[in-house]
Amino acid sequence: MKLHEYQAKEIFRKFGIPVPEGRVVTSGDEALKAAGELNGPPWVVKAQIHAGGRGKGGGVKIVRTPQEAGSAAKAILEKPLITKQTAPEGRKVHQVLIEEGVEIDRELYLAVVIDRAMARPVMIFSQAGGMDIEEVAARSPELVRKQFVNPEAGWMPYQARSLVYGLDPLPGPETLKALMSLMALLYKAFITLDCSLAEINPLVITKDGKALAVDAKINIDDNALIRQKEMQPLDDPRERDPLDAKAKEYNLNYIRLNGNIGAMVNGAGLAMATMDVIKLAGAEPANFLDVGGGASEEMVTRGLQIILEDQNVKAILINIFGGIMRCDVLARGVLAAAEKTDIKVPLIVRLEGTNVEEGRKILEGSNLQFMVARSMAEAAEMVTKQVSA
Amino acid sequence: MSILVDEKTRVVVQGITGREGTFHTKQMLAYGTVVAAGVTPGKKDQKVEGVPVFNTIHEAVRNEGVNASCIFVPPLFAADAIMEGASEGLGVIVCITEGIPALDMVKVAGFLEGRECVLIGPNCPGIISPGKTKVGIMPGHIHKPGRIGVISRSGTLTYEVVDQLTKAGLGQSTCIGIGGDAIIGTTFIDHLKRFKEDQETRGVVLIGEIGGSAEEAAAEYVQRDFEKPVIAFIAGQTAPPDKRMGHAGAIVSGGKGKAEDKIRALKAAGIAVVPHLGRVGETVLEVMGHE
């Protein structure tokens, strides 16, 4: 689960990580008032959406008067913000963060993530802050420094020293101390809150030598949300595609994509592979949808409903491998779903696995319009025909 | 032959009294698996499908001589269940549970370091040595005893591939679902090393997907140290970046973990990569021939 910048900064504040003073507002008038209450000029006006690249997209403005803060916030709230990480039509901004400006001396990068191969947390530090860290890593890998954390020992001061004493030029002792303290606090927040990412970019050293988290990004491990009860209300469903949000209510693993062939599959790996088959057939998948390895009739029904709500869908491919779940049961599920929903697009069904013959008979014997594919290859051919027709 | 599990493996089911645990205990028994015990704390002296239930793994080991486990406990208790099994010296632990917090798995990984315990999963279908035993939730009947090894990060996608192999007349020595999470107990290389030593296994099918770099590492290992033929399939070529595709570990982030990079690395290592899911069986047959 992603958090907004302002939410992440509130968390940082609780953990003692220094952040600029700020207020979250939802209108130009509130922005004007907020700027009046904060130290300035300058002030910074920042769109709050779950997508990177806000600065380049026009979602971050530096202003000199409270009136400017008001009009900048109003402008950001009025039209969707388009960044390299949003959909082409952009995303509506519901909240804006107004912050006091800071006098920047240097911009650094600091983050904690879990390294998959090492199976432990890793602190990543760079003196090339304010930029895309992946680009820095690709261009000048020597500028990206890492410290893996032994989970039993936790974050140790020597690790902080080994990171900060690599800075060139070396900041003064008070700044070094502030940076090392901030690292320990960020690690503590990461572990305490079951984060999958805690990132400060840029981590600013101000002209008076203080360390400050000028941006903040926190992602919470979805698997840990169940025990991070205080984090649960921080979810902002407005940040999801409306169909993604609805699918989540249905407990479906669904991600909307830009194509026109809807796909319903049991199991995540098979769902991804089915999307690939659609692409190889010359079409584009409209979605990822995994109704679960042992899909029930109910999940199949809900899955079909979600796919049909996507107006771009021109044909649907249902690909089910019956394992423990029998194909005849699944075929009945598809029939029940088809009866409950008005399907106006061609439906291609490919069943394999346990009781497959019985399942196919049920489908072929029904009066609903199906095309039954007998193999993955045949399913792909049928998809191609639908696309070219 | 087979690796890790066979007809002599004595399985304890952790979480046997739960719905999933009970259902799959029945399925495993039907396949011929020796499910010798179950564990659910506080449920000692019950029986599930005729299998005696104990409070602890320690009791199950002492009374029934179990040496492998299959875990069905809920996500927040699964790390503890894995560590209990490992602390009692079980050689193979299969964790079916999906949704374990990543930091719990960090603890598990640290706990398992230096122990003689092979963790398969979590978030996996388990392991099967066809005709001998299955420790997991895969449908047994699509498998056929034979000489192809299968290692996969997925569930139903593995069934699809195994089904194609069986229909092509190619049986399997052992099929392992290593799990779809970011942190898993064992990965491709761990099992490739075992298949390398297994005289009966004549080739291996790898089924990977987006996220992480386990496929790239496997490619490097195969090129360096693995002489049997390897055929690979990678799911997720059309997956968009920064979206978790069902499995916790299936995500392209920061430009890393892309299918195309994995395919390139595998091909560079001389591994045949099947582009179309419908053609895995026939490609394996082309590369390895009939038995």
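In this predicted model, A:Ile11, A:Phe12 and A:Phe15 of α1(A) meet A:Leu185, A:Lys188 and A:Ala189 of α6(A), where contact means C-beta atoms, placed from the backbone, within 7 Å. Helices here are DSSP runs of H or I with at least four residues, strands are E runs of at least two, and both are numbered from the N terminus. The residues of this helix contact split into five nonpolar, no polar and one charged. Nonpolar covers Ala, Val, Leu, Ile, Met, Phe, Trp, Tyr, Cys and Pro; charged covers Asp, Glu, Lys and Arg; the others, Gly among them, are polar.

The axes of α1 (residues 5-15) and α6 (residues 173-192) of chain A come within 10 Å and cross at roughly 115°. Those axes are lines fitted to C-alpha atoms over the stretch in contact, with angles from 0 to 180 degrees between N-to-C directions.

Now the domains. Chain A is assigned domain 1 (1-20 + 103-239), domain 2 (21-101) and domain 3 (240-388); such bounds come from an automatic or database assignment. The centres of domains 1 and 2 of chain A, over C-alpha atoms, are 23 Å apart. Domain 1 of chain A gives eight residues to their contact and domain 2 of chain A gives 12 residues. On the domain 1 side of chain A, two are nonpolar, one is polar and five are charged.

Overall, chain A has 12 helices and 16 strands.

On conventions: residues are numbered from 1 along each chain as its sequence is written, and chains are lettered from A and ligands numbered from 1 in the order written. Local features need pLDDT of at least 70, side-chain atom pairs count only at pLDDT 80 or more, and totals for chains, interfaces and linings use all residues.

Notes:
Contact = placed C-beta atoms within 7 Å.
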